[in-house]
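Please look over the sequence and the model shown here before reading on. The paragraphs below go through the two chains in turn.

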Amino acid sequence: MDISRRKFLGCMAAAALGTTTGATGLAHAASGKEFTGYPDSFGVLHDSTRCIGCRKCEQACNEVNNLEKPDKPFDDLSVLDDRRRTDESAYTVVNKFDGNVFAKIQCNHCQEPACASACFVKALYKDKTGAVVYDESLCVGCRYCMVACPFNIPAFTYFDPLTPKITKCTMCLPLIQEGRLPGCVDICPKEALTFGRRADLIKMARQRMAKNPGQYVDHIYGEHEMGGTAWLYLSGIPFADIGMREDLGTTSAPELTAGPLAAVPIVVGLWPVFLTGIWAINKRKEKIAEQEQAAAVQAATEQAAQEKTKALEALQQKLAKEKETAIAAEVKKALEEAEEKAQQAADPDETTTDTDPAADTPPDDSGKQEE
Amino acid sequence: MSQETPIARKQYLTPFNVITGIILVIGFVLTVLRFTKGIGAVTNLDNNNPWGLWIGFDLLCGVALAAGGYMTSSACYIFGLKKYHSAVRPAILTAFLGYALVVFALHYDVGRPWRLPYPIFWSQGTSSLLFEVGLCVFLYLTVLFIEWTPAAFEWLGYKKIRGIVVRLTLMLTIFGVVLSTLHQSSLGALFMIAPSKLHPLWYSGYLHVYFFISSMFAGLSMVIFESTLAHRWLHHKMDDTHLAESDGVVLGFGRAASFIMMGYVGIKIIGLAVDNNWHYLATGWGMWFLVELVGFVLLPAILFSMGAREKNLTFIRVAAVWAVLGIVLNRLNVSLIAFNWHLPAADRYVPSIMEVGTTIFIVTLGVVVYRFIALKMPILHEHPDYKQAH
């Protein structure tokens with residue numbers, strides 16, 4: 001009975017471990033939902049074949065966001081010789097690649113942002129307009145968003161000792177809300193940047209590729225990367241050659257962590273049950289062991305007592321027997337003596353007679369009296 | 001400590017105190033620098049490498065190595081291995097101090113440390129594994145604190161409240177295991193959001209399982225290592241029960257660690273097979289991966305098992321240090337070394353001397369506080385008034 005219960009709990013524990021470790025699959029199977037972005041959300045199409053590397057977008061961005069003025073002016077194109085990334089004084093950056101090809105980088109405003117999914121205070125969130133918005137008033141400055149971002153976009157004001165913050169492109173949300181274009185899109189002299197509804201931009205990109213056969217790589221970067229981004233890219237050369245990673249996959253960031261997150265409530269629900277079970281089994285084992293020990297002690301004591309009584313009885317019997325024999329011997333002796341005396345009294349001369357007078361006299365009474 | 005010197009003042013100028021004093025002064029200077037000049041002034045962190053030594057070592061290793069608390073208390077109170085009872089208090093104390101120092105270290109690393117309660121009380125980002133880590137660490141720190149208070153209450157003589165806390169032991173232990181399972185695994189899961197940055201040999205869909213399982217033998221090894229240190233320096237504070245049970249703890253924990261480490265090697269190989277990452281083993285990264293898995297998990301596991309079989313305590317004590325180094329190597333690999341592996345060498349992160357200094361300062365702080373508590377309170381011995389009471 002006891003063993004079978006223990007076995008049963010063991011099986012349950014094994015099943016629970018299986019559930020938690022295999023939760024990745026379960027979570028996916030259970031959700032079955034896919035977020036394809038807010039309807040009618042905005043985006044920007046960046047056609048890198050049209051970009052001439054004039055850095056006007058960088059300048060506009062700097063002005064709109066009131067950023068620190070750089071050491072070299074924006075019309076100094078020598079800065080293009082170095083590969084750069086976004087930082088606290090540049091929310092967007094244009095880089096030059098082999099073959100005089102240029103590509104602009106900034107926050108891609110993912111459909112399901114890794115940064116927002118990673119933020120443990122909801123300081124980053126996806127706005128209905130399509131912009132990924134940062135709320136400085138909540139930010140703790142843990143920089144997990146920077147770890148999470150597959151595009152290495154968020155930057156941190158490391159030299160601000162007490163109020164450091166994350167900086168990144170806002171998609172010019174304040175301007176969009178006023179019905180105006182983002183700074184960089186507005187200023188671009190070559191229409192390398194097009195602002196619009198994301199769905200429309202994808203159609204436009206397809207049309208452009210169809211109308212200009214051979215001019216574009218057959219891929220709209222950002223349509224599906226990491227679950228899709230609001231910023232979309234066209235390129236004449238492989239995207240890897242303009243500094244964009246082609247190995248990001250199409251799985252959105254929240255999906256990547258859905259498994260371990262799904263395991264959390266299950267662990268909370270099941271661990272106490274199994275741990276209490278294990279504790280209870282041990283407690284019961286201890287109790288049974290105690291009972292068994294007590295029973296064994298009792299049995300041993302009883303047995304010892306029994307043996308003692310038996311031994312005592314045997315001894316008593318033996319003693320009684322010995323006494324009987326002793327009495328019999330005494331009686332015999334007494335009788336012999338009496339006989340001898342009687343004989344001597346009857347015939348003091350005759351010392352040897354064959355007659356036995358004991359048969360006439362009652363020897364028992366005399367024996368008892370002697371006692 | 002116990003020996004009397006003719007001149008009382010001389011006692012304070014022990015080598016330990018002098019070195020500790022110097023480290024604490026340097027730490028104070030670094031603290032001032034961090035909070036006046038900014039994180040950028042003391043660290044080599046940059047926009048590509050937002051997490052450095054303070055996360056990779058202070059947080060990840062700190063939490064993993066403090067796993068001895070839940071391992072020891074669950075062995076004793078849940079699994080009924082009462083012979084480990086004398087190991088529970090020192091393990092709970094080190095775990096509590098470990099977590100307290102992790103939280104303390106975070107105050108240096110995060111931008112606005114006074115907002116650390118935000119994720120718990122103000123704005124909960126429940127989709128984040130860091131939220132999960134934060135909540136669990138907060139709750140577990142509270143649990144560990146409560147679990148540790150009986151020692152303080154015995155020291156102070158508060159019998160009644162001590163009795164109340166002691167009655168909560170089982171509940172606290174179970175809660176501790178639940179919370180540890182969650183945040184130990186979540187620390188690994190933190191990196192699952194960045195498959196494009198972490199080398200495929202370390203990135204895995206099982207990363208959370210790896211972190212949880214490795215925390216088990218990290219905790220066991222750390223308890224053994226701490227017992228080695230405590231026997232060396234705090235022997236006179238141990239009572240007969242502690243001394244009598246101590247060898248059994250080392251042997252038992254060594255055997256358990258060996259067993260779990262073998263299982264861990266097994267699931268790591270399963271991970272390789274699931275993602276079909278065998279071909280990476282032939283690369284330089286593969287060599288480094290094997291150094292970690294074979295050199296710092298499998299070999300110490302074998303030494304543990306040899307020590308356990310031959311009842312050789314020295315083997316086990318050496319294996320424990322070895323395994324602890326292996327955990328440190330693994331956590332640094334995931335968070336720093338194999339993280340951002342595709343970046344050009346010039347963009348890679350190497351900690352600054354000031355970051356290392358701050359980390360040494362925080363570890364030293366932990367040693368000083370542990371020593372103070374172990375010398376004053378009934379940690380390595382039972383309080384005479386409460387023998388057999390717990």
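Predicted model: local features only at pLDDT ≥ 70, side-chain atom pairs only at ≥ 80, totals over all residues.

Residues are numbered from 1 along each chain as its sequence is written, while chains are lettered from A and ligands numbered from 1 in the order in which they are written.

Chain A contains 11 helices and nine strands, where helices (H or I, at least four residues) and strands (E, at least two) are DSSP runs numbered from the N terminus. Of its 371 residues, 32% are buried, a term that requires 20 or more other C-beta atoms within 10 Å of the residue's own, whereas exposed requires 12 or fewer and partly exposed lies in between, with C-beta atoms placed from the backbone. Among the contacts of chain A with a separation of 6 or more, 63% join residues 24 or more positions apart, a contact being a pair whose C-beta atoms, placed from the backbone, lie within 7 Å.

Chain B, by contrast, has 14 helices and zero strands. Its radius of gyration is 21 Å, close to the 21 Å that the globule rule gives for 390 residues, so chain B is as compact as a globular protein of that length; the radius is taken over C-alpha atoms, and the rule is 2.2 Å times the number of residues to the power 0.38. The C-alpha trace of chain B spans about 60 × 55 × 45 Å along its principal axes, and buried residues make up 48% of the 390 residues in chain B.

Within chain B, Glu310(B) lies in the loop between helix H12 (284-309) and helix H13 (313-337). Glu310(B) is exposed because 10 other C-beta atoms lie within 10 Å.

Key. Contact = placed C-beta atoms within 7 Å.
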